[in-house]
Amino acid sequence: IGGEFVGFEGVVYPEFSRNTHIGMFEYDEKKFPTVIAGVDWGFTNPSVILVIGLDGDERAHILEEFYQRRIMAEDLVNVAKELKGKYGISQFVCDPSEPQFIQQFVTANLPAISANNMVMPGIKEIAQRLEKAGDGKARLYVDQRCVSTIMEFENYRYPETREGATEKEQPIKVHDHAMDALRYAMMSL
């Protein structure tokens, strides 16, 4: 009731499918020998940490998300420490716009680096991972509990032009916080 049917025009990742890319992935260090995290800073907008396990075939599995508005940097450090302890995160790949926050991670003994912030190459990298490879499997999956990440995959869009077509230069800066964190992590590989 009261639902609205919308098309996929302008969506950044039309390759994303709930049927293909969403599952339930329990962490196992043998299954995911490498775990990294993408970090997008925020305050009014949400701060995001995506925990990404890489399996033996380099498929990326988003295992957990932290997605919260109005969190202070020192509290985000504590969240990152908990996630590092839980998953053995080898690298936090962080939004380069706040070098002082990256330094806070480093000072807290969290392995943090500044991310490559190139938008369109990052989008291309993620889109390629969403496509099925020769073995019929995608190279990027999302745990069903990562509801904010799933919402952003489905709502991250390019702006419309006057004629109603979409302009694929830069996506709209809405529903992009988890998408940015994911892009940072994927560009580090």
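At 11% relative accessibility, Asp 55 counts as buried, where buried means under 20% relative accessible area, exposed over 50% and partly exposed in between, with a 1.4 Å probe and protein chains only. The model is predicted: local features need pLDDT of at least 70, side-chain atom pairs count only at pLDDT 80 or more, and totals for chains, interfaces and linings use all residues. Residues are numbered from 1 along each chain as its sequence is written, and side-chain values use heavy atoms, with hydrogens and water left out.

**Surroundings of Asp 55**

- A polar atom of the Asp 55 side chain lies 2.9 Å from the backbone nitrogen of Arg 59. A polar contact is a pair of N or O atoms within 3.5 Å; within protein, one must be able to donate a hydrogen and the other to accept it, and residues adjacent in sequence count only if both atoms are side-chain atoms.
- Leaving aside neighbours within four places in sequence, Asp 55 is in contact with Lys 31, Phe 32, Pro 33 and His 61, contact meaning heavy atoms within 4.5 Å.

**Salt bridges**

- The whole structure contains twelve salt bridges, each defined as a side-chain nitrogen of Lys or Arg within 4 Å of a carboxyl oxygen of Asp or Glu.
- Arg 59 and Asp 135 form a salt bridge in which the closest N and O atoms are 2.4 Å apart. Arg 59 lies in the loop between β3 (47-54) and β4 (60-68), and Asp 135 in the loop between α4 (119-130) and β7 (140-143), so the pair ties together parts that are 76 residues apart in sequence.
- Within this pair, Arg 59 is buried, with a relative accessible area of 6%, whereas Asp 135 is partly exposed, with 42%.
- A salt bridge also joins Arg 145 to Asp 143, with the closest N and O atoms 2.7 Å apart. Arg 145 is partly exposed at a relative accessible area of 43%, while Asp 143 is buried at 0%.
- Asp 176 forms a salt bridge with Lys 173, and their closest N and O atoms are 2.6 Å apart. Asp 176 is buried, with a relative accessible area of 1%, but Lys 173 counts as exposed at 62% relative accessibility.

**Aromatic pairs**

- The count of aromatic pairs comes to eight. Rings of Phe, Tyr and Trp (its six-membered ring) pair if their centres lie within 6.5 Å; planes under 30 degrees apart count as stacked, over 60 as edge-to-face and the rest as tilted.
- The ring centres of Tyr 13 and Tyr 156 are 6.2 Å apart and the ring planes stand at 35 degrees, so the pair is tilted. This pair links distant parts of the chain: Tyr 13 is in the segment before α1 (18-21) and Tyr 156 in the loop between α5 (147-155) and α6 (177-187), 143 residues apart.
- Tyr 13 is buried, with a relative accessible area of 2%, and Tyr 156 counts as buried at 4% relative accessibility.
- Phe 25 and Tyr 141 have ring centres 6.0 Å apart and planes at 55 degrees, so this pair is tilted. Phe 25 lies in the loop between β1 (22-23) and β2 (34-40) and Tyr 141 in strand β7, so the pair ties together parts that are 116 residues apart in sequence.
- Phe 25 counts as buried at 11% relative accessibility, and Tyr 141 is buried with a relative accessible area of 12%.
- One aromatic cluster is formed by Tyr 13, Phe 16, Phe 153 and Tyr 156.

**The chain as a whole**

- The chain has six helices and seven strands; helices (H or I, at least four residues) and strands (E, at least two) are DSSP runs, numbered from the N terminus.
- From the N terminus on, the order of elements is α-β-β-β-β-α-β-α-β-α-β-α-α.
- A compact globule of 189 residues would have a radius of gyration near 16 Å, and the chain agrees with its 16 Å. The radius is taken over C-alpha atoms, and the globule rule is 2.2 Å times the number of residues to the power 0.38.
- Along its principal axes the C-alpha trace spans about 50 × 40 × 35 Å.
- Of the 189 residues in the chain, 44% are buried.
- Among contacts between residues at least 6 apart in sequence, 63% join residues at least 24 apart.
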